[in-house]
Amino acid sequence: MAPEPVDIWAMADLVKPFAVRTVATLRVADIVRDRPVALEEIAKRSEAQADPLGRLLRYLVQHGMFTEPEPDVFGPNAASRELESDSPSGTREWLDLDGAVGRADLAFVELIEQVRGHHPAYRAAFGRSFWEDLAHSAQLSDSFDDLMETKSSTLAPVVADELDWDRFGRVADIGGGKGVLIDAILQRYPDVRGMVVDLAGPALNADEYLRSRGLRDRVEVVTGSFFDPLPDSADAYVLSDVLGDWDDEDAIRILARCAEAAGADGSVLIIELLPGAPEAFTEMDLRMMIYVGGRMRDLDRTDRIASAAGLFVAAVTRVSGGYGIIECLPDR
Ligand SMILES: C[S@@+](CC[C@H](N)C(=O)[O-])C[C@H]1O[C@@H](n2cnc3c(N)ncnc32)[C@H](O)[C@@H]1O
């Protein structure tokens with residue numbers, strides 16, 4: 001089959017992405033969700049200026065988002081509904097320029113300089129690294145934890161189902177965020193106990209989240225860094241969507257900390273997107289490079305970093321969405 005012709009101007013367009021992200025950030029879809037609303041009122045409620053907002057909305061109407069049933073009055077349509085705050089897709093939150101990922105997307109303006117080898121994109125755009133930025137802002141940090149919760153809400157049940165977690169007495173989710181994965185595992189396996197290790201902001205959110213899920217007495221929440229020694233009381237150390245955030249050198253350091261804590265009888269389980277879904281994989285690879293200086297890895301590269309950390313890949317379980325669970329054991 002002949003490949004689809006590429007519309008280079010559609011591919012290179014920057015106007016639509018910024019227009020959509022701006023109305024997502026201003027929550028215009030929420031304001032007009034029940035009925036058409038006058039521009040002045042939308043501007044007031046979104047804390048924006050009526051003239052530029054009107055020009056932005058008229059542009060979007062021309063491209064199929066919102067309606068303008070009478071001059072300077074804007075209403076909802078199917079496309080704007082996708083941007084409502086309670087849409088299950090979480091689209092608005094991913095695109096929110098005041099949220100962690102929407103903001104990180106803005107660092108793509110520095111892609112050219114990163115490719116030229118001049119400087120890392122995120123730091124050049126915002127003056128600090130992504131993780132430093134989150135540590136300085138509870139709003140960014142909380143928004144990131146919430147986005148990871150949205151992402152994990154489909155992946156976590158699949159991961160819990162696809163592996164026999166019963167063979168581990170205690171599972172430690174390292175860089176586990178709010179604890180969505182440990183929740184899915186523990187809800188399915190009542191005899192398994194859990195641990196979440198993460199930085200201060202996410203650890204606080206994990207405490208609250210796991211309490212709300214009735215699991216607080218079965219999960220230990222530890223505030224700490226995976227670059228430091230980890231508690232050695234677990235049988236399995238899970239790194240879910242963590243290693244992709246780091247270059248090989250740091251990923252090896254994190255794996256080595258897990259291997260050290262797991263000891264001779266423990267397992268280290270890497271959950272990452274694999275190249276089987278090439279479109280998602282290459283896009284995520286670029287995002288990781290720009291946001292955090294990380295990278296996506298195929299199984300060969302994962303094998304190499306595992307080996308450098310004293311581990312070997314014992315089994316790979318492919319799950320839906322292009323992810324794999326890569327079980328590593330100590331390389332004795
Ligand atoms: C991409 S998120 C993945 C979160 C979660 N595992 C999931 O799959 O949804 C990466 C996680 O690593 C955590 N993290 C970053 N640096 C860390 C460090 N030095 N020590 C521990 N956790 C860290 C972040 O706070 C975040 O929760």
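Helices and strands are named here as DSSP runs, helices of at least four residues and strands of at least two, and they are numbered from the N terminus. The views below come from a predicted model.

**View 1. The largest cavity and its volume.** A cavity is a set of grid points where a 1.4 Å probe fits but cannot get out. With a threshold of 30 Å³ or more, the count in this predicted model comes to 1 cavity, and the volume of the largest cavity is about 70 Å³.

**View 2. The lining of the largest cavity.** Around this cavity lie Leu243, Gly244, Ile270, Glu272, Leu273, Arg295, Met296, Arg297, Thr302, Ile305 and Ile326. At least two lining residues come from each of β8 (267–273) and α17 (299–308), and β8 makes the greatest contribution, with 3 residues. Sorted by class, the lining of the largest cavity holds 6 nonpolar, 2 polar and 3 charged residues.

**View 3. The second largest pocket and its centre.** The volume of the second largest pocket is about 860 Å³. This pocket is lined by 21 residues, of which Met11, Asp13, Leu14, Pro17 and Phe108 are the closest to its centre.

**View 4. Helices and residue classes at the second largest pocket.** The helices α1 (8–12), α2 (15–26) and α16 (278–292) each supply at least two residues of the lining of the second largest pocket, and α16 gives the most, with 6 residues. By class, the lining of the second largest pocket consists of 13 nonpolar, 1 polar and 7 charged residues.

Methods: Residues numbered from 1 in each chain as written. Predicted model: local features only at pLDDT ≥ 70, side-chain atom pairs only at ≥ 80, totals over all residues. Heavy atoms only, no water. 1 Å grid on protein atoms, 1.4 Å probe; cavity = no way out; pocket = protein on both sides within 12 Å on 5 of 7 lines; lining within 4 Å. Points joined across faces, edges and corners; volume = space filled by probe spheres on them. Nonpolar A, V, L, I, M, F, W, Y, C, P; charged D, E, K, R; others polar.
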